[in-house]
Each structure stands twice: as C-alpha cells, then as structure tokens.
Amino acid sequence: MKNPDLINPNTKVDLSKDEILNDYNIAYQSRQASLIGRKEVLAGKAKFGIFGDGKEIAQVAMARAFQKGDWRSGYYRDQTFMLAIGETDIAAFFSQLYADTNIEHEPASGGRQMGSHFASRFLDNQGNWQNQKDKYNIAADLSPTAGQMAKLVGLGYASKLYRQQSKLKEWDQYQKFSAEGNEVAFGTIGNASTSEGVFWEAINAAGVLQIPLAISIWDDEYGISVPAKYHTVKTSISKALEGFRSNEKELGIDLYVFKGWDYPSLVKGYKEGISKCRELHTPAVFHIIEMTQPQGHSTSGSHERYKSTERLKYENSIDCIATMRQWIVNSGIATDNELDSLEQSAIKYVEDQKELAWQRFRAPILKEREEAITLLQTIEQEDPQNSAIASARKKLQDLPSFTRRNICSTLERILLALRDNSSPGKNQLCSYLQEYQKINRERYNTHLINENEHSPLSVIEIKPKYGEKLKIVDSRNIIQSYFDLKFSQDPRVFVIGEDVGKIGGVNAEFEGLQEKHGELQLTDTGIREATILGQGIGAAMRGLRPIIEIQYLDYLLYCFQTLSDDLASLHYRSAGGQASPCIIRTRGHRLEGIWHSGSPISMILGGARGIHVCVPRNSTQAAGMYETLLQGNDPALVIEVLNGYRTKEPMAENIGSYTVPLGVPEIIHEGNDITVVTYGANVRIAQEAIQVLNDYDIGVELIDVQTLLPFDRFNIIKKSIEKTNAVIFFDEDVPGGATAYMMREVIERQNAYDYLDAAPRCLSAQAHRPAYASDGDYFSKPNAEDLISLIYEVMHEREPKSFPEYK
C-alpha cells in the first residue's frame, strides 16, 4: 500500500544504485522467507516459526555499519541482518526451521535451536579458536526475553580491554581477536523486552563502563498482544532513557531515534552513530520506531485477534518494504518494471532455496525409514503369521509426515513384541536400532561441554609439593598468591566484581593486588550480578579469561537466569561452535542467616548442566581447580568455603602449576565400616565426627567429592562401598537436594546397590533456610552430632549387640 506522506524523493543516500537495489532485494527475499516459512509451519513441515517480517529495512541499514571483527548479540527477528552480512542464507534459514541436524546445512545450531536463532562458529571441529578479527561474529541467540543483553556488555567490554590493557598486546594471539579494540558489540531487542531488568542493568553498565556497545530496539508498539502503553513509561523507551543521555559535562549513552521505513535516514544514522561508537567507545541506543509485524508475533496465533481494523490499516500504510520501493521509484533509482522483475526473481529464489532445504533435510530420513522398512520386511518373511510386524511396517510406510521419532518408536515397540523371537532378522533389527540410537545421540546429546583436548577433564593432574619446612599461612593467602602469579603470567586473566579492587575482596583474598597489577585486572563493579556475569561471558567468548566474582553464593540467584539459559547451554546450543570459558568465583556453605547460608546446591545442579561445579574444601584445592580450569575452555563455578579464609593451611611450593582433576573424589580418611560422601565445609564437620567415632571403634571412610559436575568419573565411591558396605551422603542443601543427586549417581549410575548391607542414608539441612546466629545454624544445618548419630544408627542396624541403642 503506498503512502505518499512518507516519501521524500529528495532524501539522498551515499550509495550506488546497485547497492540500494541489493539491499532491497535482500529485504524482499527476507520478507518472502517469513511468509513462506509461516506456511511451512502451518502445513506441518516445521514445528514452530518466529520471523523478522516488518523489521527488514532497518536491518539492511544496520548491516552496512557492521564490520568484520564486530559482534552481534541479538534475538529472533534478525534474519534480514544475517542475510545482509552473509552469515546465513535462505537455504540455511529454512534448514533451521525444519531442524536439520546437518551442521553444513544448519551451522548455527545443528537443528538444536528453533528458527531464527543465529550463531557463527568461532571454534573449529577440534575446538580451536578461529580468527575473530576477520569474521562477522554472532553470539549464539537465546529465546528468553532480554537474555541477550547480559553478555552484550561483555562483548563490548572486551573491546575496551583490548584497547586499554597494554599488557594484552604482548599476548601472541592478540591479533587473532582484536584490532586495537575497534570492534563494536551490536545488540538487538524488541521494545517490549526492554521492560526486563537485565536490559536496564546492561544500559547502566554500558554507560558506567563506556564501552562500544550499540543497542537497536525494534519497536512495533506491541509485546505479543500487549500494547506499548502497558510496557514502557511515557510509551517510549527513548523518552524513558533520556536520563542516560550523554551531555557536555557527563558521559552516558548516545540516543538516536529513526523510523523503521526511512531507509536513507537509517543508512546515514547507523553509519554516523556506529562510527562514533567505534572511535570513542561511547555506547549508543538506536530506537527504531514505526515498525510493523505483518504476520503477528509467531505461528502460534494471529494478530487480528488483538489489533483493530484501523491499527492493521495503519501498519499496512507504513510497511517498510513498500515504502522503500516507493522511495526508489520516486527518486528515479529504478522503475516499477525493474522492481517487479527483481521481486519475481526473489520469490522464485526463495521458493527454490526452501525446496532445496526441504529435500536435503528429508533425504536422510527417507533413507533411514527405508532401511527400517526393509528390516521389518525381512522379519515378516521369517514370521508371516505375525500381523503386528506387517501392521507396524505399513504404518511406518504410510505416514504422511515422518520423523526419526517415528522410526525409533516403531522399532522399539516391534522389538518388545518380538521379545521371545531369536531369528536372524530380529537380531539384525536389534543391532540396527542400537546403532541408530547412537547416531541420534550424536545428533542431539553431544557438546554439553568440550569433548576434545580443550576440555579441562583432559588436564593432567599435578599434585601440590611441599618442602621439609611447611609454610603455614591463612587460607586466603593461598588464593592471593595464586592470582598474583596468574595476573603476572597471563594478561588475559582478570577479576571483576563487587569490592574486589581497592579493598581486595571482602575477605582480603586480593589484598594489595589492584595496586600491583592495575584496575583493568582487578576491577570493582556496581551491585549488578546479571551483567557482572554477562561481562565475563562476553569477554570469555572473545578469547579472554575472566574470573567473575559473585560475592556470596546466595547472590547467584540474581544472575542465575543468565547462568542457566545462556552460559550453561552455549556450547550445546551452538553444537560445539561456541564456548565461553568464564569462571565464576564465589563462596558459600556455612555462615549465618536466611540469605547468607550459601547452600542452594540442588538449584545449581538442576539449572547449570554444561558448567563444571567445583566445591573445594580449602584454598589449596581451590587454587588447583582454578589452574585446571584455566587450562581448558569450559565455564565453571567454584564455590569456596566462606568461613575458611582465616583457617591455616600449608602453602605449596608449586602454587600456580599444580592442578586438581575434575570429577575425581579424594579419600580424606580411610576406614572399613562406613563410607561418608561429602564436600566443601562439611568435610571439617565430618572430620570432627570421625574423631569422636574413633573412640567407639567405628572406622569411617571419608570421601570429598571435590566436584559435583562432573561427579566421580572413575567410580571411586563405589570401590569404597565395596569395602565398607554402607554409605551416608552428607551435605547442607535442602532434603532431597544434592544428597539425592549424589545417591543417584552412586547407587544407580555406579550400580553400588549390590554392595550395600544397610540402606543408604542422606543427611542434609532442614527444609527451611537457616536461622540467624550460631544456634540458628546448629539447629538448621547438619552438625557433627547429627552425623555421629546417623553413623551410629547404621552400625546399630548392622551389629545391634556391638552397637546398642544409646538414645
């Protein structure tokens, strides 16, 4: 629909005719991909569709300002931008819609992410980092609203470090990751999602840090069915952000407002705004208004349900593609006939690429189905009276829509029905299914963590060494000495967090180190856990080695969505194409009070798969774990013992080089009667209990698991149970939490059940959070007396005469 009021033929743009028509062609192809993609979903050929229609013209303009080395952390409406920079194509767009697991067809996620979730591959097949400076870099998208904002801060922060941290230029890989910090981190977000707290955290952090971050807000005035007046104060995010705007006296952010249909102004505005952002590292927000969403939010509903006829008519009148076309014609750049021809070619191209994607997605599944049918026909011939086989084969053969699920389900059920059959055909079918399941595990269940030489699980153990005369120090001094050495050895390593700089941490673990190594290696932050973690995620994706300080374990809740939705799933959802070896450092376990008790371990175990979870019992172990982690490329959470920093430990002579293997428990105390499995601060409590039980001839084998993810890779705990025939899992999480997790790992996965002569026990905290003060802690969390009592109860159950009841 033409709207002459929007068109000014005198508006010029400094581009050639070919460049302008190329932008229009990309935008038109993208629109057709959205329209056809919706039909594919409604026809049952794809599961779900969410598209970028209505956002096309702003995105081709933004793409013109995007350079090699730059980064994008965006969301699921950026298909036009991706097409414009050449980081996807129409066939790959449809391959993702169909969930093609072939990485060559769908390189963003190998079919693991829904359509329009983009990613570039900056790791090669061996997990090596590729040259980011010469690539268009796309951080793997995620669906949770505003979830992309946290790591955007880190992607921009890395440019600041690459520009300002002179020591980084001594790193031999510097040229692979940055060109003097000139890279801009582009973020995109929908107007409704700017209501999320992490968006405001990111804006504030960017303004404080002064980093080259440029956020584009695609504003179509709705959040699914809810209009902007319910989302944003003053019904305008740019008006709401006015207080952040830079001025002559104060640094903040630059604010730009452009209309989504105004191609020449968008091209000029992005060029000038990004140029300033790149040169001065001034963060910028581009509020793109008067956008539309012609097909509504997604394939799950129709926007006609919540938009009036007048609203739909208005949106049609400002459609960005129709408006650009009219500007092109009115400006004499091309004729209607030229554009008609271009559009017809674009429609055919998109249809052809869609069909290519469908056929190459379909071909291997057709082949697999035919293989399964052939096997079923063989069994039919061996047992022609069995009608179930013929029925299953025919059902599989006649399915109009088929998936690998159909094949696997059919074969599983046929094998169950043939459980008494031992024919050659049945055995062949069984072998085929086992191999088929293995292949599908590779398609869908791999890459949770690194599976190559870059995994910290591959790091060789080096034990701490001590001289004849032990140097006994406060536990905190071991952490201090370790990082002092690392800051000197590796300019990529830095620590950020609340109070880590000037005062050296609330427990003085970094005391004096900022003065020695500078503010860029030990940097204080505001109270903003989500974007503290985001700083680490983004910087680690750009080759740096951040240590992210979350002051207390309880505060992990403030950034847990980012940790779970983004960091933990990054390597998996990119099918091994991306990694962020960000290390989160915190402390927890026994303290006092409802919000400082530090043991939400089951929450972490449930939501952090894809992150190594280390629970060292002291600082010697912690330092060895940091060294192991820094030699690998996986993210990790290290939970130090909060009330242990003033305890005494011997300082190893080889600090900074010894390593602690992940997933390898350590036997702290040997015994023959019962195995106690625990970790962290609970080790000292168990040791106290063991001293008492020694007087009663009860030999406890105490095992410190050291890491919860991974957990006991070599079945050390099972071997202990083979000797003691009894086990207690002990920690201070809620009942049914980490103790239940450990029990399942040992009793079910390690199959230790057969060696027990008493029921396995769990000793955990109360269901509520711990009360304040020492007595509150004692009666809220398990103590030495609780463990003594439970151990004695097991011994009484096994040998009542030797261990009579005492209470």
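Student: Quick one on Ser569: buried or exposed?

Tutor: Ser569 counts as buried, at 19% relative accessibility. The cut-off for buried is under 20%. Keep in mind that this is a predicted model.

Student: Where is Ser569 placed?

Tutor: In the loop between helix 19 (560–567) and helix 20 (570–573).

Student: And what separates the C-alpha atoms of Ser569 and Gly526?

Tutor: Those C-alpha atoms are separated by 26 Å. Along the chain, Ser569 and Gly526 are 43 residues apart.

Student: New topic, salt bridges. How many does a search of the whole structure find?

Tutor: The search finds 52. One of them joins the side chains of Arg278 and Asp70, at 2.8 Å from N to O.

Student: Which parts does that pair tie together?

Tutor: Arg278 lies in helix 9 (residues 263–280). Asp70 is in the loop between helix 2 (56–65) and strand 1 (71–73). So the pair ties together parts that are 208 residues apart in sequence.

Student: Are Arg278 and Asp70 buried or exposed?

Tutor: Both are buried.

Student: What about Glu461 and Lys463, how do their side chains meet?

Tutor: In a salt bridge, 3.0 Å from N to O. Glu461 is partly exposed, with a relative accessible area of 38%. Lys463 is exposed, at 55%.

Student: Which residue does Arg587 form a salt bridge with?

Tutor: Glu549. The closest N and O atoms of that pair are 2.6 Å apart. Arg587 lies in strand 13 (residues 583–588) and Glu549 in strand 12 (residues 545–549), so the bridge ties together parts 38 residues apart in sequence.

Student: How accessible are Arg587 and Glu549?

Tutor: Arg587 has 1% relative accessibility and counts as buried. Glu549 has 3% and also counts as buried.

Student: Which residues are linked with them in a network?

Tutor: The salt-bridge network links Glu509, Glu549, Arg585, Arg587 and Glu640.

Student: Let's do the nonpolar side. How many residues has the largest core?

Tutor: That core has 94 residues. Ile215, Leu556, Ile604 and Leu708 have the most contacts inside it. Its largest share, nine residues, comes from helix 5 (residues 148–164).

Student: What is Ile215 in contact with, leaving aside neighbours within four places in sequence?

Tutor: The contacts are Met149, Leu152, Gly187, Ile189, Phe199, Ile203, Ala284, Val285 and Phe286. There is also a second, separate core of 87 residues. Ala33, Phe81, Ala214 and Cys408 are among its members.

Student: How many bridges join strand 17 to strand 19?

Tutor: Three, and the two strands run antiparallel. Strand 19 covers residues 700–704. Glu666 stands opposite Asp704, and His669 has Leu702 as its bridge partner.

Student: In which sense do strand 18 and strand 19 pair?

Tutor: In the parallel sense, over five bridges. There, Thr675 has Glu701 of strand 19 as its bridge partner. The chain gets from strand 18 to strand 19 through helix 23 (residues 682–694), and this β-α-β crossover is right-handed.

Student: How many residues of strand 19 are buried?

Tutor: Five of the five, so the strand is largely enclosed by the rest of the structure. Val700, Leu702 and Asp704 point one way, while Glu701 and Ile703 point the other way.

Student: Why two directions?

Tutor: Because side chains in a regular strand alternate between the two faces of the sheet.

Notes:
Residues are numbered from 1 along each chain as its sequence is written. This is a predicted model: local features need pLDDT of at least 70, side-chain atom pairs count only at pLDDT 80 or more; totals for chains, interfaces and linings use all residues. Side-chain values use heavy atoms; hydrogens and water are left out. Two strands pair if DSSP finds at least two bridges between them. Helices (H or I, at least four residues) and strands (E, at least two) are DSSP runs, numbered from the N terminus. A salt bridge is a side-chain nitrogen of Lys or Arg within 4 Å of a carboxyl oxygen of Asp or Glu. Buried means under 20% relative accessible area, exposed over 50%, partly exposed in between (1.4 Å probe, protein chains only). A nonpolar core is a set of buried Ala, Val, Leu, Ile, Met, Phe, Trp, Tyr and Cys residues joined through side-chain atoms within 4.5 Å. Contact means heavy atoms within 4.5 Å. A crossover is right-handed if, with the strands pointing away from the viewer, the path from the first strand over the helix to the second runs clockwise.
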